[in-house]
Amino acid sequence: MMNLLAQAQSGTGGTTGEQTINLQPQAGLVPSVSGITISSLLGGAINLILVAAALIFFIMLVIGGVQWILSGGDKGQTEAARGRITAALIGLVIVFAAWAIASLVGSLFGINIFSLQITPISSFK
């Protein structure tokens, strides 16, 4: 039964039938967390928020389209669907505009908001 385990090895000495299981991870399989800083966590959170916002607005756009299709010509439901689609498109434009402005600020002033690495002023010449 113990031979079915993938990492089962025969024991060294002792009683026969004694088995040892190696639970040490192989080198390189465990990610190192020593390089994580507050700025990298905040930059990752900003990226995650941008992606999540874009996905939410895209889903709202699809829901508005489905509402419009299923409205069956009802004026109230069609207006509600149109309002949802309009709000989703405006939100999507705002998210992409925020991303574009952050990228522009990063390229013009050396402030990378997505990784929160600020270039010292002395390096500008």
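Arg-82 forms a salt bridge with Glu-79, their closest N and O atoms lying 3.1 Å apart, where a salt bridge is taken as a side-chain nitrogen of Lys or Arg within 4 Å of a carboxyl oxygen of Asp or Glu. The structure, a predicted model, holds 1 salt bridge. Because Arg-82 and Glu-79 are 3 residues apart in helix H2, they are separated by about one helical turn. Arg-82 counts as partly exposed at 37% relative accessibility, and Glu-79 is also partly exposed, at 40%; buried stands for under 20% relative accessible area, exposed for over 50%, and partly exposed for what lies in between (1.4 Å probe, protein chains only).

## Basis and confidence

In this predicted model, local features need pLDDT of at least 70 and side-chain atom pairs count only at pLDDT 80 or more, while totals for chains, interfaces and linings use all residues. Residues are numbered from 1 along each chain as its sequence is written, and side-chain values use heavy atoms, with hydrogens and water left out.

The protein chain averages a pLDDT (the predictor's confidence in each residue, from 0 to 100) of 77, and 70% of the residues score at least 70. Where pLDDT is low, the predicted coordinates should not be read in detail.

The secondary structure of the protein chain comes to 2 helices and 4 strands, which run β-β-α-α-β-β from the N terminus; helices (H or I, at least four residues) and strands (E, at least two) are DSSP runs, numbered from the N terminus. Of the 125 residues, 13% count as buried.

Leaving aside neighbours within four places in sequence, Ala-102 is in contact with Ile-113 and Phe-114.

Methods: Contact = heavy atoms within 4.5 Å.
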